[in-house]
Structures are given as C-alpha cells and as structure tokens.
Amino acid sequence: MSAETFKFRTRMRTLTDSAVTALSILATVLVVAPLVAIFAYLVFKGASSLNLDFFTKIPKPEGESGGGMANAIVGSGILLGVASLLGVPIGIGGGIFLAEFGRGTKFANAVRFTADVLNGVPSIVMGLAVYSLVVVQQKTFSAFAGGVALGIMMIPTVCRTTEEMLLMVPHAVREAALGLGVPNWRSVLSITVKTASPGIITGCMLAFARVAGETAPLLFTALGNSFMSTSLNHPIEALPLQIYIFANSPYDDQHRLAWAGSLVLIVLIVLAVSLVRYVTSRGVLKGAS
Amino acid sequence: MTAHVPEIHISQPQLQPESPARESQQRVSSAPVEVSAIRKFLLSRSDSVMTDRVFHVLMVLCALSIFSIVALIAWRLVVSSQLTWDKFGFGFFYKSFTDSYTQLPTYWDPVNERFSAVPFIYGTLVSSFLALILAVPLAIGLAIFLTEMCPRVLSGPLAFLTELLAAIPSIIYGVWAFFVMVPLLRDHVNPILIRGLGWTGLFSDDNPTGLGFVSAGVILAIMILPIISSLTREVMTAVPHSQREAVLALGATRWEMIRMGVLRNARIGIVGGIILGLGRALGETMAVTMVIGNTPEIHRSLLSNGASMASVIANEFTEAVSDMHRSALIEIGLALFIVTIIVNAIAQVLVWAVTRGTPSQAH
C-alpha cells in the first residue's frame, strides 16, 4: 500500500467516524423532538382549557360549551381501585411464589414465561376476553368488568417486580428470622416482603401508571357513561375513554376538553414515574428498577 | 410431618465470623443463590407446619391464577369466535368475496354477514413494518449515542426522557397525532412524498385527509422507539469492555469499534428488541385507530385510508349488532393474540440469549 492510499483510507475512516457520530446525534434529536412536541402541545393546549369546572362538572350535551370531566375522574378512580384490589394481591402472591418457593423449578419458569406472555397480550384483546368472560355473563357493561380488565393487565408487572425485589433481600435476613423460631410465612411477610417493600410499591405504581392510561380494554367493558355513576354494576366513564370520545367529536369545545384531560392524565403519570425514579435512585434498592 | 434433622453440610466460610457485612454484600450481588442448607434445616423444624402449608398453597394459587387467566382468555376467544370459524374456516384469513352489485372484490360486508380479515392483516403488517423501518435506525442511533458517546451529564436525563416516552398512554399519542401530526404530515411531508416518489405508485394523491398507513406508521414508530432503544442499550451495555478495548487497540476508529466490537456481539439481542417492538406495534390500538382512517380496503398507495386488526375491533365491536359480526371481530382478536404470543416469545428468547450472563437492568 502506498503512502497516498494509506492517507486516503485513514481520512475516509475518520470521515465515516464523524459521519456516524453526527448521525447518532441526529437520531437522538429526532427521538427527543416528538416528546418535547407532545409535552409542549399538552401544556399549551391543555392548560388554557383547564379550570375548576373541569374537575367539578359533568360533560354538557354535544355542541354546548362548558362542562367538565368530573364523572370521568371519579370513574377512573373507581376502575383503578377495583383493578388494584384484583391485580396487586395476585401479582405480589405470584412474585412471592417465584422468589421464595418455586425458585429454579420448571413450574416457576413456566409461570414466569406466562407472566411475560400476559404482559405482551394486546390491550384490545384483553378487552375482548373480559367482554366475553364478564360482560356476556353479567349481561351488562359495567365498572366491574372494566376493573377486571385493568386488574389482569396489572398482574404481570407487579409479579415480576416483586420477584426481582425479593431476590435482592439477602439470605442472611431470612435465616436470622427463621433461626429465631419465626414461622416461614411470618418471616416471608414481615421480614422479606417488608424489607423489599419500597421496591414492591414501586412496581405497583408502575403497573398503576400503565393501566391508568389504558383505553382499549375499557371500550367494551366499562363502555363509558356521560353521567356521574359510582355503581359497580353500571357502565362507567374513564378519563382515557372520555378523551377518545371527545377527540373524535366534531366540536371545538370538546377538543379543548380532550386536551385538558390528556394534560391531567399525563401529569398523573409523569408524577408516578418520577416518584418511582426518585425512590429507586435513593440507593435503597439501587440497580433494580 | 415429624421434624427429622437432615444431614447438613455447612461449608466452612459461611460459619466464619470475620467480616459478616462483606459476606452478605457478596450474596446480594449474586442474586439467585440456592436455598442454603441452614435454611432448609430451619424450615424443617418449624412448629407451624400447618400455617406454612396454607401460606405456601395460597402463593401457589396466585401463581396458578396467572396460568388460568391466560388459559381463560384463550378459551373464551376460541369459544366466542366459533361462529365465524365454522362458516369460513381458514378462508377467513385469505379469501375475498365478490360484491353482487359492483362485481368488485369485497372483504368486509356486515350487512350480508360475509367477513374476511385480509384488509386488516394487510393494514397491520403495512403500518407495523413502516414503523419498524422508521424506528429501528433511530433507536439504534440513540442507543449508540447513549452508550458510547454521550457525556455523562446528558445520559441520565436522556434515558429518563425515553423512559417517559414509553410511559405516555397510547390515547395521548393518538390525540397528539390526530390534531398535530396528521395536519403536519398532510401539508408538508405528503406533498414531497407524492412529488418525489409518486411514480412508484406507493404514494398517490387521492386522499385529502392525511389519515392512512403513513400516519399510522409514523405514530407507531414514535411509540415503539423507546422499547427498541432501551433493549438495544441493555444488550450493548452487556458487551464486555475488553471487546471494545481489543478493537480500539488494533487502531480502530470509534465507529469501527462500535461496529466490530459492540454491534456484532449484540446483534442477536438487538434483533430481539426489534421483534419486541414489532410485537407492541402489532397490537397497538388507540393511536392507530385515530389516524389510520378505518376503511376495510386494500390500496397500493400508502397514503390511502386503511384499517388494522386492532383498529377494526376498537371501532366496530360496540356497534356490531349481529352475532356473526361480533364473532368475526373476536376471531381477529384471537389471531392477534396468537401472533403476539409467538412474536413476544421469540423476542424473549433472543434477548435472554444475550443478557443471561449479566444481571437484568431494565424492567
């Protein structure tokens, strides 16, 4: 190889290197841009239509201005309550089983895999399944059905985080408890789970934040309701459902409400995620978020 | 059950009193330690065997319920879609019908109760692959930037931002896409596509709404970016530093180091991440429903309206009056269920194959 070609090649290599650096910076910018745009629009459009009425009034009939989403906020609360009652205990129980009892067994591996499968099931399919499981049997769309759909979606996240957190509790702690004559169930609940509780709560909050914004599984389980309802046996409104309906309506006023609802929803979720990040980065359970 | 004392083999270092703190520290770091002999012994002589049994059974029941939920979902979907399965069989997924009036092929005819999933399968595939084409280079670029180039000050906030991108609910992506992104694409990007690439027939100028496959693909790309990029980042961090140093020591530039030392070692995991992103894109509902246009037709042009499997369910299920219509929609849901399970399982295996040596970081 002559000196000329060597120089040329070296220059080409450095050029490619700089080009790739530039490209990956460009990619980063392109990824961050939509995020910034989404937040900017949410704050810009949402904040201007957010007022007290939004939180205290129910929607006005189509075409009339004013009104709020009080029923949707209450409905979301009820749905999430039902979901947590169902999803959190089963998820934590499954996690305890995986970490404390079934470690290394084939059955535990199968459960872990199934939880991952459940995590990947599209939310709309979950809605269909709960429709034919609950709604068809109950013969009515209901808040209960919506809560079941969301609760099932919480299980895998809660289960896997609980397992991971329990695995981080040192064995010595368990052995110390057992050595003092504490029965195993007591040692698991008040020693192991308690030690790992910040992490487990984190997992529950992540699952909570995830299902709080779910719309698809509610479309044909909770259905929606333009009036205030707190009954478990009747259709109920939820924040994301109401946003969907308002965004598809032809009226500007309802579009504004949709933006305001989106802002409220995203603020709740960002708060939850930031809290989780804060708790996990405080060093209590660093390295496993 | 009588408490018989098992033969215990206690390895010497466990009993040595020196530096117990470090001992436990080490145990934390190597998480999946086998249940020790001490613990087995302590468990066996416990005098609350009954309550322990009950507790154990309860936890097993929780674990079993995860199984039964997946089984119940599958069973209900199969049972509820029996009607269309009996009538159309496998033809549901590839046949078309001839409209008696226009003599043109139709696929979705609720009035005459003739159904075929072809346009929805087409719509799902086209929008998902468009999303992958757009998202994969960006996601890998971002991952490279974050793991190999980014100054430390930036990497934390950027990782947090992408985490946030993953936490935004799809309905909010949908609202933003519908009100902001679609008009933007319609007025500024689509004319360029039509002028530049119109000759391919893929971008034709007959849809003034701006809704359609391209809009669905772009919003899907934004939505699956975080998952692909965070998994890519995870497998890239799992590549040992000695690999990078070895390539650098041979005189490679940084890009050559990334290409030969990092990407080549991480490629299986990256493919896993891409497939996981595909799984998410296939099942994504709300955002797609809001921007794809919801017409059960097949067009060559990517700018025309279409419908995806998830979007047709979301759009028509509550309005479906006949049992056959409902059954057809549930069968589409069943197909989606099976496909996403397969796609996710493949992805899990691929990611696991790369990261099994290192402790898991993201979940």
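## Contact between the chains

Two residues are in contact if their C-beta atoms, placed from the backbone, lie within 7 Å. In this predicted model, 80 residues of chain B are in contact with 80 residues of chain A. On the chain B side, helix α4 (residues 49–80) supplies the largest share, 19 residues. By class, the side of chain B that touches chain A comprises 53 nonpolar, 20 polar and seven charged residues.

## Chain B

Chain B contains 14 helices and four strands. Its length is 363 residues, of which 43% count as buried. Among the contacts in chain B with a separation of 6 or more, 78% join residues 24 or more positions apart.

## The largest nonpolar core

The largest nonpolar core holds 188 residues, and B:I219 and B:V291 have the most contacts inside it. Helix α9 (residues 213–238) of chain B gives the most to this core, namely 17 residues. The core also draws at least three residues from each of domain 1 (3–48) and domain 2 (55–281) of chain A.

Leaving aside residues up to four places away in sequence, B:V291 touches B:A177, B:F178, B:V182, B:L211, B:S215, B:A216 and B:I219.

## A buried lysine in chain A

In chain A, A:K45 lies in helix α1 (residues 3–48). A:K45 counts as buried because it has 21 C-beta neighbours inside 10 Å, the cut-off for a buried residue being 20 or more. The C-alpha atoms of A:K45 and A:W259 are separated by 6.0 Å, although the two residues are 214 residues apart along the chain.

How values were computed
Residues numbered from 1 in each chain as written. Chains lettered and ligands numbered in written order. Predicted model: local features only at pLDDT ≥ 70, side-chain atom pairs only at ≥ 80, totals over all residues. Helix = DSSP H or I, 4+ residues; strand = E, 2+ residues; numbered from the N terminus. Buried ≥ 20, exposed ≤ 12 C-beta atoms within 10 Å, placed from the backbone. Nonpolar A, V, L, I, M, F, W, Y, C, P; charged D, E, K, R; others polar. Core = buried A, V, L, I, M, F, W, Y, C linked by C-beta atoms within 7 Å. Domains from an automatic or database assignment.
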